[in-house]
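Welcome! Please take a moment to look over the sequence and the 3D structure shown here before reading on.

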Amino acid sequence: MTAPNANTASQSPPTGVSTPDANAGLSAPAFSPLYQQIKAQILQSLQNGEWQPGDVIPSEFDLAARFGVSQGTVRKAIDELAADNLLVRKQGKGTFVATHAEQHVQYRFLRLQPDIGTIQSEGPAERHIIWCRRVRATAEIAKLLGLRTAEPLIQVRRVLRFAGVPTICEDIWLPAGPFKGLSVEQLSSHPGAMYRLFESSFGVRMVRAEERIKATTPDPETASLLDVSEQTPLLSVERIAYTYNNAPMELRRALYRTDTHHYKNELN
């Protein structure tokens with residue numbers, strides 16, 4: 001383990017952060033670096049709503065004083081949170097809680113791109129809500145969302161049109177408690193991305209997602225909604241979106257037309 005630097009060696013550990021126990025047995029959990037512990041503390045404050053999406057967080061100097069560590073330790077923690085798209089640094093303005101309201105992140109989770117031009121050049125997607133209804137969680141969906149079987153859910157089905165062409169058909173399942181009151185009218189009238197609505201109206205921020213992709217063909221109802229034949233190859237994308245603390249908050253199953261679009265991902 002790397003020895004602490006001169007700025008942190010004489011400082012007490014931040015409140016609520018564990019310290020290594022010299023007498024701990026081999027079964028004790030591994031001690032995490034100090035900046036990782038500060039990252040966890042900041043993440044806890046985000047999860048608790050101390051700073052809302054779009055808010056500026058305290059300066060590195062103030063956070064260092066709050067946690068009893070060096071500014072360098074705080075800076076490293078913030079760097080990781082920025083890399084995770086949870087915080088955004090703005091030159092000369094400070095560090096802000098990331099928000100889905102910002103234009104450059106509105107398509108962060110949408111990987112379908114037009115073969116010609118960009119998703120922005122196509123203009124805003126036209127959203128048609130087929131239904132928004134309460135259902136009970138099946139055993140499969142309950143497991144994916146960390147719920148009990150038969151717990152109440154909200155299920156949304158919608159079609160997205162790009163340049164007037166029906167391109168994506170989505171089924172979305174959300175735990176009913178955090179999204180109480182969600183309606184067809186609210187979904188239809190909201191001008192921005194759905195995750196922006198979740199953030200602004202329900203206090204739920206999706207911070208990361210996992211996807212599984214397969215090739216498939218549509219059932220008759222989906223074929224009709226997407227204006228394709230039942231033999232048309234489509235891209236099936238299943239996404240689980242998580243809020244803070246890796247809590248699953250949405251299951252989304254979508255079918256994508258790929259005759260004029262393609263799935264794009266950047267690997268680093």
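Here is a short briefing on this protein, going from the whole chain to a few single residues.

The model is predicted. Its fold contains seven helices and ten strands, and 42% of the 268 residues are buried. Let's walk through it topic by topic.

**The protein as a whole**

**Strand 5 and its partners**

- Strand 5 covers residues 152-162 and is mostly covered, with nine of its eleven residues buried.
- Strand 4 (residues 126-136) pairs with strand 5 in the antiparallel sense, over ten bridges. One place to look for this is Leu153 in strand 5, the bridge partner of Val135.
- Strand 6 (residues 165-175) also runs antiparallel to strand 5, and ten bridges join the two. Here you can find Phe162 opposite Val165 of strand 6.
- Strand 5 and strand 6 form a hairpin with two residues between the strands.

**Two nonpolar cores**

- The largest nonpolar core has 19 residues, and those touching the most other members are Ile154, Val156, Phe179, Leu182, Leu187, Phe198 and Met206.
- At least two residues of this core come from each of strand 4, strand 5, strand 6 and helix 6 (194-202). Helix 6 gives the largest share, five residues.
- A second, separate core holds 18 residues, including Ile38, Ala64, Leu81 and Val97.

**Helix 6**

- Which residues of helix 6 are buried? They are Met194, Tyr195, Leu197, Phe198, Glu199 and Phe202.
- The cover over these buried residues includes strand 5, strand 6, helix 5 (184-189), strand 8 (234-243) and strand 9 (247-256).
- Leaving aside residues up to four places away in sequence, Phe198 touches Leu174, Phe179, Leu182, Gly203, Val204, Met206 and Glu250.

**Leu187 in helix 5**

- Leu187 is found in helix 5, and Leu187 counts as buried because its relative accessibility is 6%, under the 20% cut-off.
- Beyond residues up to four places away in sequence, Leu187 touches Ile129, Cys132, Val156, Leu182, Met194 and Leu197.
- Leu187 and Arg158 are 29 residues apart in sequence, and their C-alpha atoms are 9.7 Å apart in space.

**The cavity**

- How many cavities of 30 Å³ or more does the structure hold? There is one, and the largest cavity contains about 50 Å³ of space.
- The lining of the largest cavity is made up of Arg127, Ile129, Arg158, Leu187, His190, Gly192, Ala193, Met194 and Leu197.
- Strand 4 and helix 6 are the elements that give two or more residues to this lining.

**Loop residues to look at**

- Most residues other than glycine have a negative phi. The next two residues are worth a look with that in mind.
- Ala150 is not a glycine, although its phi is positive, at about 80 degrees. Ala150 sits in the loop between helix 4 (139-145) and strand 5.
- Is Ala150 buried, exposed or partly exposed? Ala150 is partly exposed, because its relative accessible area is 38%, which falls between the 20% and 50% cut-offs.
- Ala163 also has a positive phi, of about 55 degrees, although it is not a glycine. Ala163 belongs to the loop between strand 5 and strand 6.
- With 64% relative accessibility, Ala163 counts as exposed, because exposed means over 50%.
- Asn48 lies in the loop between helix 1 (34-47) and helix 2 (60-67). Asn48 is exposed, because its relative accessible area is 57%, again over 50%.
- Asn48 and Tyr244 are 196 residues apart along the chain, while their C-alpha atoms are separated by 9.4 Å.

Note on methods
Residues numbered from 1 in each chain as written. Predicted model: local features only at pLDDT ≥ 70, side-chain atom pairs only at ≥ 80, totals over all residues. Heavy atoms only, no water. Helix = DSSP H or I, 4+ residues; strand = E, 2+ residues; numbered from the N terminus. Buried < 20%, exposed > 50% of the residue type's maximum accessible area, 1.4 Å probe, protein only. Pairing = 2+ DSSP bridges. Core = buried A, V, L, I, M, F, W, Y, C linked by side-chain atoms within 4.5 Å. Contact = heavy atoms within 4.5 Å. 1 Å grid on protein atoms, 1.4 Å probe; cavity = no way out; pocket = protein on both sides within 12 Å on 5 of 7 lines; lining within 4 Å. Points joined across faces, edges and corners; volume = space filled by probe spheres on them.
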